[in-house]
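Have the sequence and the 3D view open as you read.

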Amino acid sequence: MKKNIIIALISLVALSCTNDLEELNVNKKDFAITTDASLFTSAQYKLFNQMTETSVNENIFRLVVQHWTETTYTDEANYDFKTRNIDEFHWETLYRDVLKNFKEAKSLVSGLPDVQTNKTATIELYEIYTYYVLVTSFGDIPYTEALDIDVLNPTFNTQEEVFNDLLDRLDNNVISKFVTGEVGFSASEDIVYNGDIEQWIKFANSLKLQMGMLLADSDPAKAQTVVNSAIEGGVFTSASDNMKIAFESAAPYTNPVYAALVLSGRDDYVPTNTIVDMMGSLNDPRRDDYFTLLNGEYVGGLPGELNSFARYSHVSDKIGKDPTLEAPLMTYYDVEFLLAEAVERGFITGDAAEHYNNAITASILYWGGTNVEADSYLGQASVAYATAEGDFKEKIGTQKWLALYNRGYESWTEWRRLDYPILVAPEDAKTTNNLPPFRITYPDVELTLNEANLKAAISNIGGDELETKLFWDKL
């Protein structure tokens, strides 16, 4: 009897240990079930965060386009993407944290058929935008074989192939698929348009307009077709259409600019004299929205040089000290500038000056200005469309560069496309042509992990250099 009791106790202890060991393998803090909504929301946040970021380790486009420059360190303001592996961070964040999560979210979509259709189309639209950023950053990129777990060494599709396929996907998988009058992701899951499908359709067409205009110099015939199709489908018509998110007041979900300028406790950036002096010469009413005063004046630092933080104007409190400041990826004034250019190129009929005026007015109002200020600004000979200096590229390019302040990537893309304003590289810049970069170099890790395919891509685009122009950047 005693022997049986001992055996029973041993068995009980063994069983108990087995259960305890199995429980050790369970992460009780992790989600038991991953949903389409959780992955979708996470990917949205990661995308907006990367495009808004201003850390010298992650995103330096405000420095590249000379809206800001540095104080203590100067490598990044001189276009050094390598020392801190900024090119790698940009690449990995968009592939791993954004596209991968969107792909997984798409595989898990749930709900009634029309709801699933809208969810899938919304995710697809985000994927298209993210690939658009990658292809306009680097050139040839992994695309058809990207994110395939069974393909360890994905080939690089040519930038032209990627771009054309993205346009096809916009038409066939997004715009034509959305089901109006039905929901997709809920208001709490969709942090941009709160589930409003009509707004997503407007953004899809506005992105199509932007992509069409990117082809204006390389393939004007196709550009005109794409642009007209986008306008017919319905693009942004007011500031209420802006594609944006609002950040939260508590870390880690604050606007990353606030994290860099306030939470970091560092004084790393000042606005450049390039933009400060230009806005001063134009009596631009947005100066107090963009910069602080220094002894009653706006004073900008020298791009790429050591700049004492105390001796120059700073980024305005409106931008730097509001943790909840919204971050747009596309705005109504972006669209109006594109329409002004489309008229000038003969792609559409209309009044270029009217669209130009609408764009500038919308930007001034966006930053808290008034219609009176906008009218006064546009009434100056140096700003008015009929009398401002230069051809349409210079007029639109200059004013768009001013309007896109604090949106480094978008400003850089439009500067590359329109070639205005004229920006001169700092003396110690990593570029050799006295200009800012035309692209980002490939991350070094790709040379280790995917050497043969990377070398083929480098050969195809004409060299892995900052000065290498991408296929659409013809002039």
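What volume does the largest cavity have? About 130 Å³.

## Before you start

This is a predicted model, in which local features need pLDDT of at least 70 and side-chain atom pairs count only at pLDDT 80 or more, while totals for chains, interfaces and linings use all residues. Residues are numbered from 1 along each chain as its sequence is written, and side-chain values use heavy atoms, with hydrogens and water left out.

## The cavity

The structure holds 1 cavity of 30 Å³ or more. On a 1 Å grid over the protein atoms alone, a cavity is a set of points where a 1.4 Å probe fits but cannot get out, and lining residues have an atom within 4 Å of a point. A volume is the space filled by probe spheres set on the points, which are joined across faces, edges and corners.

For the largest cavity, 14 residues make up the lining, and Y132, Q210, D334, E410 and E414 are the closest to its centre. Helices α5 (113–138), α13 (332–344) and α17 (408–418) each supply at least two lining residues, with the largest share, 4 residues, coming from α17. Helices (H or I, at least four residues) and strands (E, at least two) are DSSP runs, numbered from the N terminus. The lining has 7 nonpolar, 2 polar and 5 charged residues; here Ala, Val, Leu, Ile, Met, Phe, Trp, Tyr, Cys and Pro count as nonpolar, Asp, Glu, Lys and Arg as charged, and the others, Gly among them, as polar.

## Two pockets

Now for the open spaces: a pocket is an open set of points with protein on both sides within 12 Å along at least five of seven lines. The largest pocket has a volume of about 760 Å³. Of its 34 lining residues, Y45, N49, P252, Y253 and T254 are the closest to the centre. Helix α2 gives the largest share of this lining, 6 residues.

The second largest pocket holds about 540 Å³ of space. Among its 18 lining residues, Y95, L147, L152, P154 and E446 are the closest to the centre. Helix α4 gives the largest share, 5 residues, and the lining divides into 11 nonpolar, 1 polar and 6 charged residues.

## Aromatic rings

A search of the whole structure finds 34 aromatic pairs. Rings of Phe, Tyr and Trp (its six-membered ring) pair if their centres lie within 6.5 Å; planes under 30 degrees apart count as stacked, over 60 as edge-to-face and the rest as tilted. W68 and Y269 form a tilted pair, 5.4 Å centre to centre with 45° between the planes. W68 is in strand β1 (residues 68–70) and Y269 in strand β5 (residues 269–271), so this pair ties together parts 201 residues apart in sequence. W68 is buried at 1% relative accessible area, and Y269 is buried at 6% (buried means under 20%, with a 1.4 Å probe and protein chains only).

Y95 and Y131 form an edge-to-face pair, 6.3 Å centre to centre with 75° between the planes. Because Y95 lies in helix α4 and Y131 in helix α5, the pair ties together parts that are 36 residues apart in sequence.

Definitions and conventions. Buried means under 20% relative accessible area, exposed over 50%, partly exposed in between (1.4 Å probe, protein chains only).
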